[in-house]
Amino acid sequence: MPERSDTHSTGDLLADKLSAACRGDVLFDAFSRGRYATDASIYQVMPKGVLVPRDNEDVAAALAIAREEGVSLLPRGGGTSQCGQTVNSGVVIDGSKHLNRILEIDSQEGRCRVQPGIVLDELNKALKPHGLWFPVDVSTSSRATIGGMTGNNSCGARSLRYGTMRDNVIAIEGLMADGNRIRFGPTPRDLAGVNEPSPARDLFADLLALGAREQDEIRARFPDLMRRVGGYNIDALIPNGPENNLAHLLVGSEGGLAFSTEIELKLSPLPRNKTLGICHFPTFYAAMDAAQHIVKLDPTAVELVDRTMIELSRDIEIFRPVVERFVRGTPDALLLVEFAEEEQKENLRRLKALEELMSDLGFAWDKDPAHCGGVVEAIDPDFQKAVWEVRKQGLNIMMSMRSEGKPISFVEDCAVRLEDLAEYTNRLTQVFEKHGTKGTWYAHASVGCLHVRPVLNLKLDEDVRKMRAIAEEAFEMVREYKGSHSGEHGDGIVRSEFHEEMFGARLVRDFEEVKDRFDPQGLFNPGKIVRPPKMDTRELFRYAPGYGVGEMRTALDWSGFYGAGGGFQGAVEMCNNNGACRKLDAGVMCPSYRVTRNERDLTRGRANTLRLAISGQLGPRAFASDEMMETMKLCVSCKACKRECPTGVDMAKMKIEVLSARAKEKGLSLHDKLVAHMPRYAPYAARIAWLVNLRDRIPGLAALSEKLAGFSAKRPMPRWSSKPFRKTEAAFGPVDGPEVVLLADSFNRYFEPENLEAALSVLVAGGYRVHLAKAKDGGRPLCCGRTYLSAGLVEEARAEAKRMLEALLPFAKRGVPVVGLEPSCLFGLRDEFLSMLPGEDSALLSRHAKLFEEFLAEEAEAGRLTLPLASKGPRKALLHGHCHQKAFAAMGAVEKVLALVPDLDTETVQSSCCGMAGAFGYGKDTYDTSMAMAELSLLPKVRQATEDTVVIADGTSCRHQIADGSGRSAQHVARVLADALS
């Protein structure tokens, strides 16, 4: 059923009309509107509401209502625009959820037809079997929609070879403001074959007449550069042969002329071979000066990475290993130079020529610091991919700065001729210095379009004034070089006001004439390209005048960030809306979004909601409200965003703060109490395991538990073991063996004690002296506090953490590793403990806490591990990683350990979250989402495995999800190793 937000309390007739006329979701509540009020720019404009259309008929119905009500519409895709194109005060039309089909692929003709909401990576995945791709490869390809790229005239890293979006769009079917549908494409200038009389013919005639009338002015005033995306593409209308492609006028129109219902694209053969040369330069100026020479080697891309980006990348865990591999020494700048000719032999020849060119330019590895440089080769495809991923995340890496000052987008898109690039960048750097700031540089050196962002704090009046001064000086300089002030990211709010200075008054009047001819009522995204507000209208800023966050008490430590709540404000504001969490494959983030495709169920959507709540923009008490709980409901605390979000937004930790506030204000449900206190009552439940396990044996009890405690009757509960892990001995193994502590978590202790027995036997077989972690007071078993955190009971979790720290600290001080089996528990020692009990003791314990497989992998790599493992014949294994294993980069360790087992061939499932996520999968309200997550990739892969394939999963919840969803039993790696002991 479509989603309907509660609008009747406000008597919103517009929402009622849309709900009656459309099948899609109609969202007019404050929380939903707030999630669509921002994009990746500096702006925030609250829309009247949001429509998530099911089909084009919904869009047409909304357009008819908008005409009747005099309300504007804003077409929106991924919402990652950097200039404010996708914020406005009308009704947002989000086409990314449903209007995302591929309508046709014609591999013979090298073309396809798509709906506007299809994501670039998804399109290219479908094209790959045909040996084709759509080559406008923007860095946001994992979430950029084709409709958004068309509206923006996107370019990408390889525009030197493939051109811009305009060069690759064949035709567009547009829904016009008056309700007509018109196909724009190659059109004869004499309009032969165009039906007459018709709205299309009349429109085409007027457009072509404008082109003929203004051709001299257009040729004189438009910069002669590929990277010119400012204004409307009225140069597509001037006489230039027998026909004009009128679709090119809609490309770059920022949703202001028509709603694109269908887009026809030109495709290119997928490159079979590539090489990459990473050119190192001792100075930024030298890199800029070299670009004009490098392009003569005919590369497909020449991309800049500056020193700031290198240093920030080294500080991000997911990028650090790659950066250390491709960066040699301490260069001031890098140029990534790619060759992608048909034959690899030719690519290698050009790579050699690149090395010779660097030598000719005076650079060598053994020269003095002023001339030290050279080329690092990347020939292996996986290595190339890893390097490009760092470059693709350039903007987000820049935005990972934790200070209130951030690199701001407003002059980041200027383009000049290559011969002017070094001088232009040098002069612009001086402008930044003059205003007391500095810029961070990256992107497209091949076409003279470098993304530069001066660091400013737009909460300060002084820095807002600096922004305008820098913009005016920068654009004046661009005019001097006959360059383009808008080279890729579009105009939006931030650049539209400067069109008259750049193009002249006459062409700006022409832009207005085009807008009025298409959209006389101003229904489509008004205020962009023509008749815009001033770029520094502060009421339109995300941090508008009066923005502030009152002091708040938080449950966890947020030091390291700025602002209220001991830094909680700064952590929330780290989200810059880049949308990396909208990716649909690769990695884990964001599992809930991959199922629902709702902006609410997304790291970005949740972060925006938190920011609006703590700053009072969603009303009083919003932070612990029902609406906030609904926002957080499907967050499975996978921690993927902590690792995969380029700006490090840690939504799992933020959710704990929300749950804590909620628990204090509203208390806990019976469901939450049973989950939270499990470690406390577990010793008693284990004694009557036969009784508590009756829930899934006696008909009706499961339904009763669903009604009373909210545990889904569709799924069996974990079975309590009648023989939990209760070793009384203090230690096992040889007295003189290397020491290790085995941490028995509550889940394995009471539900699957055989895993702990297996781990103990493996460690003893390896010659280790194994201590069992026990409470100092000799009382109930230790617990990490994970279940308490899941319910927001932070103080109870902190008490458990103190008990564990007290018991394990003496070992850590002696350098003894603390080894655990359950990822969610063990990684709590390396994560939440540092936030609950900040200090050197927790930090010391975190450094010694290791997963069972991490410990064994390290021992094996150091040559200290001797396990008597024997072959049981050739076998295959299917490995699924727990989310926290992935978030803490521990998957490599389990793969290495499994490789120790003779004749075991292991395949790792490329999956997101399994969907169980602790108690999440057991909830009656979250069971269906849990299973949908599992069905994305994990369960289909398990079902495809042969019966003799060993299924391996180290997470307790993962094993239960696999069993419930496939009927297959999954094993912990400890059991696999124990079974292989000779």
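Predicted model: local features only at pLDDT ≥ 70, side-chain atom pairs only at ≥ 80, totals over all residues.
**Figure 1. Overall chain, with 42 helices and 29 strands.** The radius of gyration is 30 Å, close to the 30 Å from the globule rule for 982 residues, so the chain is as compact as a globular protein of that length. The C-alpha trace spans about 95 × 75 × 60 Å along its principal axes. Of the contacts between residues at least 6 apart in sequence, 73% join residues at least 24 apart.

**Figure 2. Burial and surface of the chain.** Buried residues make up 64% of the 982 in the chain.

**Figure 3. A nonpolar surface patch of about 490 Å².** The patch is made by Leu670, Leu674, Ile698, Leu701, Leu704 and Leu708. Two elements, α25 (670–676) and α28 (701–709), each give two or more residues to this patch. The most comes from α28, which gives three residues.

**Figure 4. Leu701, a member of the nonpolar patch.** Leu701 lies in helix α28. Its relative accessibility is 30%, and therefore Leu701 counts as partly exposed. Partly exposed here is the range between the buried limit, under 20%, and the exposed limit, over 50%.

**Figure 5. The buried side of α28.** Ala702, Ser705 and Ala709 are the buried residues shown in this helix. They lie on the same side of α28 because the arc they cover around the axis is only 65°. An α-helix has 3.6 residues a turn, so residues three or four places apart point the same way. The packing partner of the buried residues of α28 is α25.

Figure 6. Lys707 and Leu708 are exposed, and they sit on the face of α28 turned away from its buried side. Leu708 is also one of the residues that make the nonpolar patch. Just after α28 comes Gly710, with a positive phi of about 75°.

Technical notes
Residues numbered from 1 in each chain as written. Heavy atoms only, no water. Patch = residues over 30% accessible without salt bridge, like charges linked within 9 Å, V, L, I, M, F, W, Y side chains within 5 Å. Areas by Shrake-Rupley, 256 points an atom, 1.4 Å probe, with all protein chains shown as cover. Salt bridge = Lys/Arg side-chain N within 4 Å of Asp/Glu carboxyl O. Helix = DSSP H or I, 4+ residues; strand = E, 2+ residues; numbered from the N terminus. Buried < 20%, exposed > 50% of the residue type's maximum accessible area, 1.4 Å probe, protein only. Rg over C-alpha atoms; globule rule 2.2 N^0.38 Å. Contact = heavy atoms within 4.5 Å. Arc of directions from axis to C-beta.
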